Amino acid sequence: MSDNQQNNPEPRPLNRREFVQRLAIATAGVGFVGVAFKGAILNGNQRQEVAEAAADKIGKLPKRNLGKRLGNMKVAPMFICQDWNKDLYAAGLAAGLNFVHKAGYWREMPEEFKKLPRESYYTDVCVDSTPNNPDDETAAYRQVTESLDRNGLKYYDIFRAHFGWKTADALKNQRGTYRAFQRLKKEGKVRYFGVSQHDYRPYPEIIQAIIDDGTVDHMQVFFSYGEDKAVNEIFDKAHRAGIGLTAMKVFARGFDRVRDNAEAQAALKVNGKPGRALYRHVLNLKGSDGKPIFDACVSNLRNFDQFDENIGAASSQVAMLENWTV
């Protein structure tokens, strides 16, 4: 047997005794599931137990209002993403996560959601005709209706103009996406209008145009640790206007800024976990009214270690263990 084979054994199933032993290691102290179950093939029941153990370490996440324009929509401050590793869905639900970003891309309803009342969680659909074909009302309408036929969700809580608008003038003049939303809302297939606004330049100018337009109930935006003053100020303004705000690209944009920044990690009561530092910073960043600017964050998670590090940033249970106070 080569050294490589010894270090990377073929994945294999675990009997009950081995599984229980590894689960005990995974849930003790600060270590977590990734290492304990490396090289293991888990069956359905074992995956469920691991998911519950992951959620137990984090506890139930608190809920926040998603802005002021979306009725009484209360969400956990971290979102499940459609493109998560599917083994993490159960852990997310067990930890109280109740919003699924990009659910419109589901080809079918995941098993974990089939048994849940539709009103017990929220979803969005990212409508891709924006910005490349923003006047194509028909394409936007069909994307939503055809996806609902496939996945059986009945409706989406947020119709999200994916990518957003490349200029402030584009928002004013290209309205096909919004017309599609209005049709779908009348039919009960969507409820609120949102945007996933990518950071076309000048970013603050485009965000200001969205605020002024008055049609957008929720914005998902590029934001992380170390953004400049103008970006902080425009999102503070958007949130004070009642628009719900979710931060995306938190890890990708901020990783280099906190990875070797011992001072920042110490201030956030985190050591060696840049993901937890980044999400903790964003979720607790206060605006001029003394309230958090961002209601929630999204994070693309591939394994249980990432789940522990990133979702743990929103956990009161973890905060208490790490002497972090909001």
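Which residue is the bridge partner of F159 in strand 9? In this predicted model, local features need pLDDT of at least 70 and side-chain atom pairs count only at pLDDT 80 or more, while totals for chains, interfaces and linings use all residues. Residues are numbered from 1 along each chain as its sequence is written, and side-chain values use heavy atoms, with hydrogens and water left out.

The partner of F159 is F193. Strand 8 (residues 156-163) runs parallel to strand 9, and seven bridges join the two; strands count as paired if DSSP finds at least two bridges between them. Helices (H or I, at least four residues) and strands (E, at least two) are DSSP runs, numbered from the N terminus.

Most residues other than glycine have a negative phi, and most peptide bonds are trans. Between R201 and P202, however, the peptide bond is cis, with omega about 0°. P202 sits in the loop between strand 9 (190-197) and helix 10 (203-213).

K249, in the loop between strand 11 (244-248) and helix 12 (250-258), has a positive phi near 60°. K249 is partly exposed, at 41% relative accessibility. Phi of N323 is also positive, near 60°, and this residue lies in the segment after helix 16 (316-321). N323 is exposed, with a relative accessible area of 58%. Here buried means under 20% relative accessible area, exposed over 50%, and partly exposed in between (1.4 Å probe, protein chains only).
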